[in-house]
Structure formats: C-alpha cells, structure tokens
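Trainee: I am new to this structure and would like to learn how to read it. Could we go through it together, feature by feature?
Mentor: Gladly; let us look first.

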Amino acid sequence: MLSLLVWLMGLLLELAMLIRAVAGKTVTKFPYFYAYVFCVFGVSAGLYILNDVTPASYYRWYWPTQFATLVAGCGVIVEILRHTLEPYPGAERVARVASLGIFGLTFVYVGLKARMLPELTPLAVTVELERDLRVIEALLLTSILTIVFYYRIEIGRNARGLIVGFGAYVGTSLVALALRAFLGPRFNTTWGVLQSGSYLFALTVWMVALWSYYPQPVPSGRTRLDDDYEALAGATREVLHSLRSYFRRTARS
Amino acid sequence: MTALIIYLLIGAGLFLFLLVMARRKNTPVEGCGEEFVQARHALRALQLGLLPANLVERIFDRGDFEYVTAESSREICKLFLAERKRISLIWVGRVRGEIRNLMHFHLGYSRFQSKLSLRTELRLALDFVLLLFACRTLQLWLYLRGPYSAPAMVGIAAGAAARVCRISEQSLAFLNPVASDSFQNDSTTGGAAV
C-alpha cells in the first residue's frame with residue numbers, strides 16, 4: 001500500500017514538473033533533464049498500468065525499462081556539466097577528459113568482470129549492470145564537483161538543485177544496490193523503500209530548484225590574456241620546479 | 001565483501017561532496033578583473049611587506065637573540081624567543097597565504113582557457129600543492145624547533161616566493177598604471193580635468 005502511494009506521488013510530481021517546465025519555459029533550458037523526467041514518467045505510468053492489468057508482464061518489463069531510464073539518467077549529468085562548466089572552457093575541458101577516463105575505466109572493469117563471472121543469471125547481470133552504471137554516475141558527479149571546487153566555480157540555483165537531487169538519488173541507489181547484492185532477498189523491502197524514497201526526495205528538490213530559470217552566475221570580464229596560457233603556465237611550472245628542487249636540497253642538507 | 005566496501009566508499013564519498021557543496025560559501029564571481037586585482041594585491045604584499053631581505057634577516061637573524069642572551073635575564077630571553085617564534089610563524093603563514101592567492105589567480109585565469117593543457121594543469125596543481133606543503137613543513141619546523149632552526153630553508157623559501165612573484169608580476173604587468181600624464185595632456189579645452 002505504501003509503495004503504491006509513493007509510486008503515485010512520484011507520478012504526480014513528475015507530471016507537475018513537466019507541466020511547470022512547459023509553462024515556465026524551463027524545458028528549453030534543460031532539454032536533456034526534462035527528457036529524462038519524461039522518460040521516467042512514461043515508464044512509471046506504463047508499469048503502473050501493467051501492474052494493475054497483468055502483474056506477470058510487469059516483472060518481465062521492469063528491468064529493461066529500468067535500464068532505459070538509467071541510460072536516460074546520463075542526460076542529467078550532461079545537463080549538470082553543460083550548465084555548471086560551459087562558461088569555463090578550460091575547466092570543462094578537464095571535466096570532459098576526466099569523464100571519458102571514468103567511462104573507459106568502468107567499461108573495462110565491467111567487461112573484465114563479465115568475462116570472469118559468466119555463470120550469472122540475466123537478472124543478476126542486470127542488477128549488477130545497474131549498480132555499475134550508478135558507479136559511473138557517482139564518479140562522474142564526484143569528478144565534476146572536484147573540478148568545481150578546485151577552480152572555485154560558482155554554481156547557480158538550478159544546477160545546484162540538479163546536483164543535490166541527482167546526487168542523493170544516485171548515492172542512495174548505489175549503496176542500496178550494493179547492500180542488496182551482498183545481503184540478498186531479505187534486503188528487498190528496505191531496498192524498495194530507499195530507492196523510491198530517495199527518488200521522491202530528488203523529485204521534490206528538482207521541483208523547488210527548477211521552478212523558475214536562474215542563469216548560471218558567470219564572471220563578467222574576460223581579459224586580453226586569453227592567448228597567453230601556454231606562456232604563463234610554462235613559466236609558472238618552471239619556477240615551481242626550481243622551488244621544489246631547492247626544498248629537496250635543503251631537506252637533504 | 002571488498003566490492004561492497006568499494007561501493008559503499010564511493011557512495012559515502014559522493015554524499016561527502018554533496019555536503020561540502022551545501023556548506024560551501026558562495027565564491028565571488030566578480031570576474032577576472034577582480035582576480036587580477038587580488039593577485040596584484042598578493043604580489044604587493046609579498047614583494048613590499050613580506051619578502052624584503054632586510055625584513056627576513058631581521059626576523060631570523062641570530063644576532064638579536066645573542067644580544068638579548070648576553071644582556072638580559074633568562075626570563076627575558078625566553079620571552080624574546082617566544083615572541084620571535086610567533087613572528088616567524090606569522091611570517092611563514094602570510095607567505096603561504098599569498099602564494100595561495102597567486103595559485104587562485106592562476107586557477108581563476110586558466111579555467112577560461114579553451115587551449116588549456118590537461119597535463120600542464122595536473123603538473124601545476126601538483127607543484128603548487130608541493131610548494132604549499134613545503135611552506136607548511138617549514139611552519140611546523142619553526143614551531144617545533146624555534147625560529148633559528150632552519151635559516152637555510154627560510155632563505156630558500158623567501159627566494160622561491162620572490163621568484164614566483166617575479167613570474168606573476170610579468171603576467172600582471174598590464175595592471176600597472178600607464179603614464180597618467182598623457183591623459184592629463186590629452187584633455188580638450190574646457191574638458192573635465194583628469
């Protein structure tokens with residue numbers, strides 16, 4: 001009964017978000033994010049009807065649709081990256097390279113694991129795949145936040161909401177899926193509550209944060225030093241190297 | 001079990017980052033202009049306030065201590081040593097702070113550079129961290145062993161910071177006031193005085 005209530009609340013919130021996005025025209029500012037919400041709404045509504053009409057089909061469709069929403073969830077990362085780092089081409093470049101590295105490493109890891117554990121059932125593979133994709137999302141979010149902190153980039157209200165909502169959902173899902181794989185079916189009830197509870201939390205945060213569009217705060221001035229990066233970085237590096245060698249020599253003496 | 005710990009650690013790490021983001025104070029977004037002014041301020045503080053040779057010599061010169069030891073009681077000597085230690089620690093702390101400001105200037109500037117090299121950035125990040133770490137080590141050394149325990153290291157730190165200043169000064173040269181006389185002479189008749 002409680003899970004049905006949470007399900008319905010989720011559907012209502014998603015519908016309200018989509019209506020508000022069209023009315024407030026935020027849909028044009030965050031197209032990938034709203035595509036994700038629309039996808040989740042379609043899947044949830046479809047599964048709700050299936051569960052009511054033919055419960056057997058519901059179980060057949062659950063994991064494939066879950067996987068589809070999971071992939072669509074990458075759109076949220078793209079949106080976070082776009083809105084947080086787009087005004088900073090240098091920082092965005094670092095984030096792009098880091099993201100590609102994370103994708104590459106994770107897929108290599110998943111590929112190796114799949115070759116080493118061929119006896120897994122399709123369901124177990126799907127659960128593990130979901131967990132691994134959550135790992136990618138968590139690592140991507142963490143790397144974006146590291147770059148944001150390192151370069152002291154200000155995050156706007158909309159992007160902050162996207163990050164908090166998605167981060168809380170991804171983090172909770174990852175922990176819950178890991179515990180589920182470890183503890184087995186006895187953890188299923190708690191897993192369901194954690195999963196839907198964190199998603200409801202994320203929806204609420206998104207609803208509040210994206211109610212209106214707030215432009216990302218961007219430093220106003222760009223200076224004439226735009227082309228001097230190589231020279232500045234090279235000179236700074238040279239000085240720092242000499243400093244390090246001085247300190248090393250002193251420590252030895 | 002190991003996999004579970006790794007997944008839990010990744011999840012916990014993400015929550016930690018979210019917490020830091022939530023508690024983070026808004027960083028100023030005045031733009032590069034503001035960053036340049038701050039960097040200029042840090043440079044001036046280092047060059048005029050913290051790194052002049054006579055000041056560094058004054059703080060770390062053993063001569064003062066030897067004079068006080070010869071002329072005063074033990075209590076006065078102890079007080080002198082404690083005060084000198086406090087001053088030396090403040091000095092290193094300030095130097096470290098201003099180097100950090102210069103680092104922030106570099107980051108504030110490089111984040112806009114589409115031609116940014118990832119390798120260079122990683123190396124620079126590592127170098128800045130190591131230099132700041134060296135300053136911290138010096139701070140700890142002075143705290144534990146007193147103000148006269150590492151004169152060579154103090155000299156090197158001061159020299160190194162001065163070299164960083166020189167490089168940064170070249171980057172910030174355009175902020176130096178340009179001949180204001182030319183403005184005054186260019187005023188048209190009856191125009192506002194500059």
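Trainee: What percentage of the 194 residues of chain B count as buried?
Mentor: A residue is called buried under 20% relative accessible area, exposed over 50%, and partly exposed in between, using a 1.4 Å probe and protein chains only. In chain B, 42% of the 194 residues count as buried. In chain A, buried residues make up 47% of the 253 residues.

Trainee: What should I know about the model itself?
Mentor: It is a predicted model, where local features need pLDDT of at least 70, side-chain atom pairs count only at pLDDT 80 or more, and totals for chains, interfaces and linings use all residues. Residues are numbered from 1 along each chain as its sequence is written, chains are lettered from A and ligands numbered from 1 in the order in which they are written, and side-chain values use heavy atoms, with hydrogens and water left out.

Trainee: How many helices and strands does chain A have?
Mentor: Helices (H or I, at least four residues) and strands (E, at least two) are DSSP runs, numbered from the N terminus. Chain A has 9 helices and 0 strands, while chain B has 8 helices and 0 strands.

Trainee: Which residues touch the most other members of the largest nonpolar core?
Mentor: The general idea is that nonpolar side chains tend to be buried together in soluble globular proteins. A nonpolar core is a set of buried Ala, Val, Leu, Ile, Met, Phe, Trp, Tyr and Cys residues joined through side-chain atoms within 4.5 Å. Here the largest one has 99 residues, and Phe33(A), Trp206(A) and Trp91(B) touch the most other members. Helix H6 (residues 122-150) of chain A gives the most to this core, with 11 residues. Another core, of 5 residues, lies apart from it and includes Phe65(B) and Cys77(B).

Trainee: Which residues does Phe33(A) touch?
Mentor: Contact means heavy atoms within 4.5 Å. Leaving aside residues up to four places away in sequence, Phe33(A) touches Met17(A), Gly75(A), Val76(A), Glu79(A), Leu162(A), Trp206(A) and Leu210(A).

Trainee: Is Leu9(B) buried or exposed?
Mentor: Leu9(B) is exposed, with a relative accessible area of 58%. Its place is in helix H1 (residues 2-23) of chain B.
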